[in-house]
Amino acid sequence: IAKINQDSRRLFLETLDAIRTNFQLLYRKSFGGGHADIILEEGEDVLECGVEIVATPPGKTSLSNSLLSGGEKALTAVALIMAIFQFRPSPFCVLDEVDAPFDEANIGRFVTVLREFLDWTKFIVVTHSKKTMTAANTLYGVTMQESGVSTQVSVRFEDVGEDGEILSAQPSPI
């Protein structure tokens, strides 16, 4: 048990250090500055201690995370998730309405961060944000052009002409 605990402590601290570095970089990139950190509770065994996320957006004094706006909290959470994801990437990732509390500037930063992951990950992003949708290669949706009849729509942006008209669309009734 002592050997397992020793290995677990070592692996946890190595992983935490890598994620912490990723988080600090992604946070600054996401917010255009500021400072973020992951801090372990002092005086406790690392396998049993608490973990605190500290985030200070640019131009603000160091505040409790509970005093951040909804958009700032969400963007901090996305930066942390992406920092973990950067440490252990996957070929695909589903993000459901993570951009809902963002303002236009934060959506732009969010999209910029996502684009950095596109070399090894494909994202499925559920969103209502037009600005997030403009970053996509393909859009899938459901529309109801006539009452009671839902139609699936998919558009690949390479299929859209210079005038904005869709060159080939394949709607299918649901």
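This report walks through a helix, an aromatic cluster and a surface patch in a predicted model.

Residues are numbered from 1 along each chain as its sequence is written, and side-chain values use heavy atoms, with hydrogens and water left out. Since the model is predicted, local features need pLDDT of at least 70 and side-chain atom pairs count only at pLDDT 80 or more, while totals for chains, interfaces and linings use all residues.

**Helix 1**

Helix 1 covers residues 2–31, which is 30 residues. Helices here are DSSP runs of H or I with at least four residues, strands are runs of E with at least two, and both are numbered from the N terminus. From first C-alpha to last, helix 1 reaches 42 Å, close to the 44 Å expected; that expected span is 1.5 Å times one less than the number of residues. Its buried residues (under 20% relative accessible area with a 1.4 Å probe, protein chains only) are L16, I19, N22, F23, Q24, L26, Y27, S30 and F31. Their cover includes strand 1 (35–40), strand 2 (51–56), helix 2 and helix 3 (104–116). Just after helix 1, G32 takes a positive phi of about 70°.

I39 sits in strand 1. Its C-alpha is 5.1 Å from that of E52, 13 residues away along the chain. Setting aside neighbours within four places in sequence, I39 is in contact (heavy atoms within 4.5 Å) with G50, V51, E52 and V54.

**Aromatic rings**

The structure holds 7 aromatic pairs. Rings of Phe, Tyr and Trp (its six-membered ring) pair if their centres lie within 6.5 Å; planes under 30 degrees apart are stacked, over 60 edge-to-face, and the rest tilted. One of the pairs is F85 with F123, a tilted one at 6.3 Å centre to centre and 45° between the planes. F85 is in helix 2 (residues 70–87) and F123 in strand 4 (residues 122–126), so the pair ties together parts 38 residues apart in sequence. Both rings belong to buried residues, and ring pairs link F85, F117, W120 and F123 into a cluster.

**Out on the surface**

F92, V94 and I124 make a nonpolar surface patch of about 310 Å². F92 comes from strand 3 (residues 92–96).

| Residue | Relative accessible area | Class |
|---|---|---|
| F92 | 51% | exposed |
| I39 | 36% | partly exposed |

Notes:
Buried < 20%, exposed > 50% of the residue type's maximum accessible area, 1.4 Å probe, protein only. Patch = residues over 30% accessible without salt bridge, like charges linked within 9 Å, V, L, I, M, F, W, Y side chains within 5 Å. Areas by Shrake-Rupley, 256 points an atom, 1.4 Å probe, with all protein chains shown as cover. Salt bridge = Lys/Arg side-chain N within 4 Å of Asp/Glu carboxyl O.
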